[in-house]
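Here are a few friendly notes to read alongside the model. Please keep the viewer open as you go through the points.

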Amino acid sequence: MDIGDEAVMDRHGFDLLLDLLRRRGLRTIGPVVRDGAIMHGEVSSTADLPEGWHDHTSPGNYRLTNDEGPELFGWAVGPESWKSEFFLPTETVWRATVDNGEVTLSDVKDEPSPVAIVGARPCEIAALGVLDRVLRNGAVPDDCYVARRDGAFVVVVECGSPSGTCFCTSMGTGPAASTGYDLALTELTGPGELEHEFYVRIGSLAGAEVMALVPNRPADDVLRSRRQAVVDRATERMGRTLDTDGLPGLLARNLEHPRWADVAERCLSCGNCTLVCPTCFCSDVKDTTDVNGTVERRRHWASCFDLDHSYLHGGAVRPTTSSRYRQWMTHKLSTWWNQFDESGCVGCGRCVAWCPVGIDITEEAAAIRATDGASLMDTIAQARNES
Ligand code: SF4
Ligand code: SF4
């Protein structure tokens with residue numbers, strides 16, 4: 001088998017694939033049902049996958065149901081993104097001991113065991129591409145991220161069941177996978193006597209090597225059209241849209257738009273949106289000391305919604321909720337383009353579903369587009385006219 005080859009395997013083949021990856025020393029991490037959500041966990045066989053489970057999302061809502069159907073990937077995304085596998089929520093950066101005035105640094109770098117991520121969605125692979133650009137290929141690569149990311153084997157599963165908050169089609173990141181994977185699977189199910197199978201596209205030599213050991217049959221036109229039907233149906237069922245036409249410029253010229261004050265009335269500044277976002281990569285460090293003379297620096301995820309995040313010699317640069325929400329949204333959809341020549345949003349919809357008050361980035365962008373050019377002065381003038 002070779003890069004670009006396409007084949008079909010059944011569920012037993014999928015089990016063998018997982019087994020082969022594990023025999024190669026990879027931790028196979030994939031979707032599991034935990035705490036009422038699709039989370040990440042150890043997946044040693046397809047029995048561990050969320051068979052029959054479906055997610056239902058809307059602004060501020062996430063719910064799982066099970067219809068006992070055969071689908072293993074009949075859901076969109078859970079609250080965890082693959083960012084947490086490579087860029088840990090918290091980790092020790094360095095540790096030192098002080099003894100009689102002597103400072104001794106100890107090695108805190110663990111040797112991460114290589115991982116196979118199984119069941120990542122195309123939008124999540126796009127998000128990893130965004131993180132790679134910053135943390136792996138940027139001017140100062142992040143050693144911890146690179147060590148985990150470099151040996152990773154990626155099995156993407158194309159989306160057949162987008163949820164109500166998904167808008168990857170608007171962002172050009174899904175529901176089909178186009179790059180960034182070793183193997184791309186599409187789950188083919190019914191109706192009727194049609195077999196439950198997985199359409200496989202090979203994206204790397206490592207993927208070809210392992211697939212050569214999995215029983216499969218070559219793809220034909222019938223199977224190709226079944227795969228395409230899955231992707232087309234997912235495109236039609238996308239829960240949301242975001243009009244990206246001229247969006248970076250639209251937001252850049254509306255920094256004083258009254259909508260920022262409106263969203264601040266609802267936003268709790270809780271930072272949930274940044275934690276669930278697969279592309280947010282801000283971090284902070286905290287130093288601790290103990291009475292035994294051990295000093296430790298830990299890095300942890302940070303959020304631009306924290307007041308301290310923009311603290312500069314004497315005060316926070318973004319003291320209001322409106323300025324912090326504006327920073328977050330304009331960075332994702334506008335200034336990220338200036339920095340990285342791509343969007344900081346991949347359309348996964350997590351920030352919409354997991355915002356406790358249901359603030360919807362697509363709705364906020366649409367509201368600003370609908371009143372492009374409005375400013376606080378306009379609003380004040382309008383209020384004066386009305387009074
Ligand atoms: S901004 Fe929201 S929709 Fe976009 S990638 Fe982040 S969490 Fe997903
Ligand atoms: S937009 Fe929602 S999730 Fe984000 S900080 Fe505000 S309330 Fe929290």
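1. Helix α7 covers residues 221-236, and at 1.5 Å a residue its 16 residues should span 22 Å; the end C-alpha atoms are 22 Å apart, so the two agree. The expected span is 1.5 Å times one less than the number of residues. Helices (H or I, at least four residues) and strands (E, at least two) are DSSP runs, numbered from the N terminus.

2. A word on conventions: this is a predicted model, in which local features need pLDDT of at least 70 and side-chain atom pairs count only at pLDDT 80 or more, while totals for chains, interfaces and linings use all residues. Residues are numbered from 1 along each chain as its sequence is written, with chains lettered from A and ligands numbered from 1 in the order in which they are written.

3. Which residues of α7 are buried? They are Arg227, Val230 and Ala234, where buried means 20 or more other C-beta atoms within 10 Å of the residue's own, exposed 12 or fewer, and C-beta atoms are placed from the backbone. Seen down the axis of α7, its buried residues fall within an arc of 50°, so they line one face of the helix; the arc is that of the directions from the helix axis to the C-beta atoms. The face turned away from that buried side carries the exposed Asp221, Val222, Ser225 and Glu236. On the buried side, the packing partners are β10 (183-188) and β11 (197-202), with contact meaning C-beta atoms within 7 Å.

4. Now for α1 (residues 11-23): its 13 residues should span 18 Å at 1.5 Å a residue, and its end C-alpha atoms are 18 Å apart, which agrees. Gly13, Phe14, Leu17, Leu18 and Leu21 are its buried residues. They cover an arc of only 145° around the axis, which puts them on the same side of α1. His12 and Arg23 are exposed on the face turned away. Among the elements covering the buried residues of α1 are β1 (6-10), β2 (27-34) and β11. Glycine 25, with a positive phi near 85°, follows α1.

5. Around ligand 1 there are 13 residues, of which Cys277, Cys345, Cys348, Arg350 and Cys351 come nearest; a residue is near if its C-beta atom lies within 6 Å. The shell around ligand 2 includes Cys267, Cys270, Cys273 and Phe305.

6. Overall, the protein has 14 helices and 16 strands, and 37% of its 387 residues are buried.

Terms used. Two residues are in contact if their C-beta atoms, placed from the backbone, lie within 7 Å.
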